[in-house]
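The tour below goes from one selection to the next.

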Amino acid sequence: MPESAHSRLTRDDARVRKTGAFIPELLAAAEEIVHGQQSLIEGMLVGLLCGGHVLIEGVPGLAKTLAAKTLARLLDLDFQRIQFTPDLLPADLTGTPIYHPPSGEFRTRKGPVFTQVLLADEINRAPAKVQSALLEAMEEGQVTLGETSHRLPDPFFVLATQNPLEQEGTYPLPEAQLDRFFLKLHVDYPSREAEQRMVIAHSSGSAPTPRLRIGREQLAAAREQVREIHLAPELLDHLLDLTAASREPQRFGADQLAPLIAHGISPRGSIALARAAKALAFIRGRSYVVPDDLYSIAHPVLRHRLLLSYEAEADGHTPDQIIDQLLKTLPTP
């Protein structure tokens, strides 16, 4: 007797929940250390599950570094942090061949990029050559030192931070390079309750350390499972309408947005949104994507891919506001 759609769905959901059984534990363990930033941890986890890299923007002191370090420790992944500065050189990041006189050979000194989780702190403080060296490693998964190419570890996950303040002396990432980041997360201040727990923990000297250790095999299985999450054809059409509306708003009845958008979302954005929605569905314990998954992750995926016109920026519009209006324009499937 053929398997019914309901039975197949129940079986697939059970498999997803079994593979992702560590997710609630991981989020709870992270919350014990990084108070009030669960959306940040969840966004970072989406990027990691999809094999994409994440750009994080927020003022100093919001636990961006602590969140990155905590996630790496909980997943038992190697972690490195490098502070980007104006005098940083590409070799400081990637490493360099060094001549060894006794042997008459060049030996490779690998830089901090050879890790599994790399925190590139204040990426916009470093000049373009350093940014390009990092972005090349992100895109290719390898680094060339001298005449030899070296594969980076798997997984290789970059978390880059930007400080929206103190823009003097910075080197803003070009739009084409921003598009290479899978997500752009905005970090806001925690709630009063979360900040109270944070103050009590750190002022008493009893701030917890990660105790949970998720095996790398579990992470690999989860990444494989995310690829199998079902995205229904009608949701795919809705997703494609959203990105198309950013390029031709008049065609979707959003004429008022046309003067505000300089360049719409690229096909890379469409691909990233589909993958991110699948990862979010997996985190939420489902084997299929629902509209709320798309809406929940749309802003982090699309905000850095939507370029506003000069008029829009002068009037104080933000990409998030434009994305909100695009979502309201399109009927929910």
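Contact here means heavy atoms within 4.5 Å. The model is predicted: local features need pLDDT of at least 70, side-chain atom pairs count only at pLDDT 80 or more, and totals for chains, interfaces and linings use all residues. Residues are numbered from 1 along each chain as its sequence is written, and side-chain values use heavy atoms, with hydrogens and water left out.

Start with Leu159. Leaving out residues up to four places away in sequence, Leu159 touches Met44, Val54, Ile56, Ala68, Val117, Leu118, Leu119 and Ala120.

Buried means under 20% relative accessible area, exposed over 50%, and partly exposed in between (1.4 Å probe, protein chains only). The largest core has 77 residues, and Leu159 is one of those that touch the most other members, together with Leu26, Met44, Val46, Leu49, Leu183 and Leu273. Helix H11 (residues 267-283) supplies the largest share of this core, ten residues. Helices (H or I, at least four residues) and strands (E, at least two) are DSSP runs, numbered from the N terminus. A second, separate core holds 26 residues, among them Ile82, Ala133, Leu135 and Phe181.

Now switch to the cartoon and select the open sheet. Its five strands run in the order E2-E5-E8-E1-E9, with parallel pairing. Strands E2 (79-83) and E9 (183-186) stand at the edges with a single partner strand each, so one side of each has no neighbour in the sheet. Two strands pair if DSSP finds at least two bridges between them. Within the sheet, E5 (residues 117-121) and E8 (residues 157-162) pair in the parallel sense over four bridges, and Leu119 stands opposite Leu159 in E8.

For an antiparallel pair, select E6 (residues 142-145) and E7 (residues 148-151), which are joined over four bridges. Gln142 has Arg151 in E7 as its bridge partner. The two strands form a hairpin with two residues between them, and Gly146 in the turn has a positive phi of about 70°.

Move on to Leu165, in the loop between E8 and helix H7 (175-178). Is Leu165 buried or partly exposed? At 44% relative accessibility, Leu165 counts as partly exposed. Beyond its neighbours within four places in sequence, Leu165 is in contact with Val59, Pro60 and Arg125.

Definitions and conventions. Core = buried A, V, L, I, M, F, W, Y, C linked by side-chain atoms within 4.5 Å.
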